[in-house]
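Keep the structure open as you read.

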Amino acid sequence: MKLPRYELTAEKSLMVFEFTSEGPKGQIPKLIKLSETALKGFYNLAFGDKNLESGNIDDSVISNNGDSEQVLATVVSAVYAFTEMERENWVYATGSTKSRTRLYRMGITKYFEEVKEDFLIFGLKEGEWENFEKDVEYTAFLVRRK
Amino acid sequence: MKTIEELNEKKIPIVRIDKSLEKYKSMPIFQDKVDMANEVLRTVGLPKLVK
């Protein structure tokens, strides 16, 4: 992708990734996790800040590190890596809050032209999946490699 | 040899493997999100794929 992104590390199944956000607030380690769900091949994507003291991961914290675009580009690249291993996997994501979900939508919108060449992208609206369209509010997102 | 900039333009990133991250696979982090995903699966299911 053309947008800058952070270097990723992961365990070998590429279900847990780590990267470090760098900005005015300093270096903030972040974790991306793809979790198994009740349906085989359907994974929940979530990411958040890693608290170095407690070891906990918080997906509600707002880092304000001035690099949200680079963070989202890094998350998108992790989805590319994960789905490259098993192209039939579904990846589901929703924000921890309405505003975080909106941020995800803005992220998908930003990369839409590039990403739609490689992924089927759906948005959840009023209890139904529909093909993702820009400027439509969704409560969750689902992608799969074409 | 490709430059870092050229490599970074690839859609599929270069990922460095770190075994220490394996511990997070079994940790119930983001469990509320997983529960919500399961609820969507139960109530909505998957989108219909047009072949």
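In this predicted model, 26 residues of chain B are in contact with 38 residues of chain A. The points below start with that meeting place.

**The side of chain B that touches chain A**
- Strand E1 (15-17), helix H2 (23-26) and helix H3 (31-43) of chain B each supply at least two residues of this side.
- H3(B) gives the largest share, with seven residues.
- By residue type, this side of chain B has 16 nonpolar, two polar and eight charged residues.

**Strands that pair across the chains**
- Strand E1 (residues 8-10) of chain A is joined to E1(B) by three bridges.
- These two strands run parallel.
- Within E1(B), Arg16(B) stands opposite Thr9(A).

**Positive phi angles in chain A**
- As background, most residues other than glycine have a negative phi.
- Leu14(A) is not a glycine, yet its phi is positive, at about 60°.
- Leu14(A) sits in the loop between E1 and strand E2 (16-23) of chain A.
- Glu126(A), also a residue other than glycine, has a positive phi near 50°.
- The loop that holds Glu126(A) lies between strand E7 (119-125) and strand E8 (128-131) of chain A.

**Buried or exposed?**
- Leu14(A) counts as buried because it has 20 C-beta neighbours inside 10 Å, and the cut-off for buried is 20 or more.
- Glu126(A) has 7 other C-beta atoms within 10 Å, so it is exposed; the cut-off for exposed is 12 or fewer.

Notes:
Residues are numbered from 1 along each chain as its sequence is written. Chains are lettered from A and ligands numbered from 1 in the order in which they are written. This is a predicted model: local features need pLDDT of at least 70, side-chain atom pairs count only at pLDDT 80 or more; totals for chains, interfaces and linings use all residues. Two residues are in contact if their C-beta atoms, placed from the backbone, lie within 7 Å. Helices (H or I, at least four residues) and strands (E, at least two) are DSSP runs, numbered from the N terminus. Ala, Val, Leu, Ile, Met, Phe, Trp, Tyr, Cys and Pro count as nonpolar, Asp, Glu, Lys and Arg as charged, and the others, Gly among them, as polar. Two strands pair if DSSP finds at least two bridges between them.
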